[in-house]
Amino acid sequence: PEETLRGIARKINYKDALEAAVVGQEYAIETVATMLRLIKAGMTDPGKPASVILVAGLTGVGKTELAKALAQLYSSSKHLQTYTMANFIESHSVSGIIGVPPGYVGHDQGGRLINDLNSDPYCVFLLDEAEKAHPDVWKPFLNLFDEAWIVDTRGVKAFADKAIFILTSNAGTDVISRLSQAGERDMDKIGREVKDELLKITHPYTKQPVFTPEFLARITRIIVFKPLDQEAMKGICVKLKKKLEKTWREKREKTLVIPDELVDFIAEQSHRENKRSGGTEGGRIVSKLISKWIEVKIEHAVSEYEDKYRTATVVELKFWPPLEALPFQSGKQPEPKIDVEFRSSTEGQD
């Protein structure tokens with residue numbers, strides 16, 4: 001009932017839930033939270049999908065994490081249906097969406113998209129790397145995004161008036177990077193320029209435009225993810241640190257102690273490496289550096305002091321920041337010193 005939907009929409013704080021999953025993307029989070037409130041309140045067009053959004057941004061800025069969090073909040077199954085559009089680069093690969101033609105093996109199984117919609121009308125679909133698909137693959141989506149229904153090769157019909165579709169794209173990243181570095185803060189303006197870039201994308205084989213103006217007109221909104229700054233990197237680092245500590249507590253029954261200074265160091269290094277790569281590393285660089293400066297260090301210590309590790313209840317890292325490089329070491333990057341200590345929880349207490 002509509003009253004129940006409105007009550008649910010008021011009770012859930014979508015912004016907080018999304019911020020727990022995605023760091024440093026305030027505009028994207030606020031936009032998606034508003035979208036969810038409108039959908040839950042029944043204030044969207046009933047003759048169209050609940051929402052069709054295109055999320056643009058550099059690699060590793062949180063696009064997929066946002067989609068996963070959205071599925072947890074909205075989908076009945078809590079499962080994100082991911083379609084890797086790079087797998088649909090040929091014209092005939094549209095059969096992976098609507099099913100194979102009659103007479104071919106697998107025709108009776110129908111189209112994946114139709115089956116997914118019928119099994120969960122409130123499904124969240126991630127159409128990942130949308131710019132890599134063949135233009136013909138998008139043709140069934142024209143009617144789906146316009147009238148919220150689709151038919152597969154068996155003649156089975158599915159409705160998408162309650163489903164959410166998220167298209168992700170790395171296209172337009174040069175525009176996002178350039179405007180962000182120039183200090184542009186109007187994300188809607190950046191989104192319009194990204195849309196212009198999307199119209200220029202052509203398929204590598206056919207040279208046809210991947211996205212037609214008619215197709216892009218059916219997208220409810222283009223959401224731009226900004227490049228990650230150092231503060232965002234620290235937020236990601238803190239999030240992963242808490243996850244690592246929880247894993248050690250629940251799986252290994254040991255307390256993992258990671259000093260704040262080490263978190264700050266990893267965040268700073270992550271930001272530096274990301275800038276050096278032109279933004280191609282994204283938040284993934286944080287995981288790599290946590291592995292390098294925390295997990296590998298612990299692994300080496302466990303190998304060397306296996307008996308102490310086995311009896312310890314606390315695994316504590318000690319951190320000394322890197323010294324400034326001396327003049328004759330100007331070409332060498334100074335590194336921090338990190339020691340790992342194994343002890344019981346009562347050791348060192350008064």
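# Close-up views of a predicted model

**View 1. Helix α11 passes helix α13 in a right-handed crossing.** The structure is a predicted model, in which local features need pLDDT of at least 70 and side-chain atom pairs count only at pLDDT 80 or more, while totals for chains, interfaces and linings use all residues. Residues are numbered from 1 along each chain as its sequence is written, and side-chain values use heavy atoms, with hydrogens and water left out. The axes of α11 and α13 (residues 284-304) come within 10 Å and cross at roughly 40°, which makes α11 oblique to α13. Axes here are lines fitted to C-alpha atoms, for helices over the stretch in contact, and angles run from 0 to 180 degrees between N-to-C directions; those under 35 degrees count as roughly parallel, over 145 as roughly antiparallel, 65 to 115 as roughly perpendicular and the rest as oblique. On the α11 side of this pair, the contact (heavy atoms within 4.5 Å) is made by M233, I236, C237, L240, L244 and W248, and on the α13 side by I285, V286, S287, I290, I294, E295 and I298. Sorted by class, the residues of the contact of α11 with α13 are 11 nonpolar, one polar and one charged, where Ala, Val, Leu, Ile, Met, Phe, Trp, Tyr, Cys and Pro count as nonpolar, Asp, Glu, Lys and Arg as charged, and the others, Gly among them, as polar.

**View 2. Helix α8 (residues 173-181) packs with helix α9 (residues 187-200) at an angle of about 150°, their axes lying 9 Å apart.** At this angle α8 is roughly antiparallel to α9. The crossing in which α8 passes α9 is right-handed. In α8, the residues V175, I176, R178 and L179 meet I190, E193, V194 and E197 in α9, and the residues of this contact of α8 with α9 divide into five nonpolar, no polar and three charged.

**View 3. Helix α3 (residues 26-40) and helix α4 (residues 63-74) pack with their axes 12 Å apart, at an angle of about 25°.** The two helices, α3 and α4, are therefore roughly parallel to each other, and α3 passes α4 in a right-handed crossing. The contact is formed by V32, M35, L36, I39 and K40 on α3, together with L66, L70, L73 and Y74 on α4; by class, this contact of α3 with α4 has eight nonpolar, no polar and one charged residues.

**View 4. S51 is found in strand β1, which covers residues 51-56.** At 2% relative accessibility, S51 counts as buried, a word that means under 20% relative accessible area, with exposed meaning over 50% and partly exposed in between (1.4 Å probe, protein chains only). When residues up to four places away in sequence are not counted, S51 touches M35, I39, A163, I164, F165 and T220.

**View 5. K234 lies in helix α11.** With a relative accessibility of 38%, K234 counts as partly exposed. If its neighbours within four places in sequence are left aside, K234 is in contact with D264 and A267. From C-alpha to C-alpha, K234 and P49 are 36 Å apart in space, and they are 185 residues apart in sequence.

**View 6. A148 and E253 are residues other than glycine with a positive phi.** For A148, which lies in the loop between α7 (139-147) and β4 (149-151), phi is near 65°, and this residue counts as buried at 2% relative accessibility. For E253, found in the loop between α11 (230-252) and β8 (255-257), phi is near 55°, and this residue is exposed, with a relative accessible area of 68%.

**View 7. C123 and C237 are two buried cysteines.** The relative accessibility of C123 is 1%, while C237 has a relative accessible area of 2%. A search of the whole structure finds zero disulfides, a disulfide being a pair of cysteine sulfur atoms within 2.5 Å.

**View 8. The protein chain as a whole comes to 14 helices and 10 strands.** Helices (H or I, at least four residues) and strands (E, at least two) are DSSP runs, numbered from the N terminus. Along its principal axes the C-alpha trace of the chain spans about 70 × 45 × 45 Å, and 45% of its 350 residues count as buried. Among contacts in the chain with a separation of 6 or more, 74% are accounted for by residues 24 or more positions apart.

Conventions: Left-handed = near helix turned anticlockwise from the far one by under 90°.
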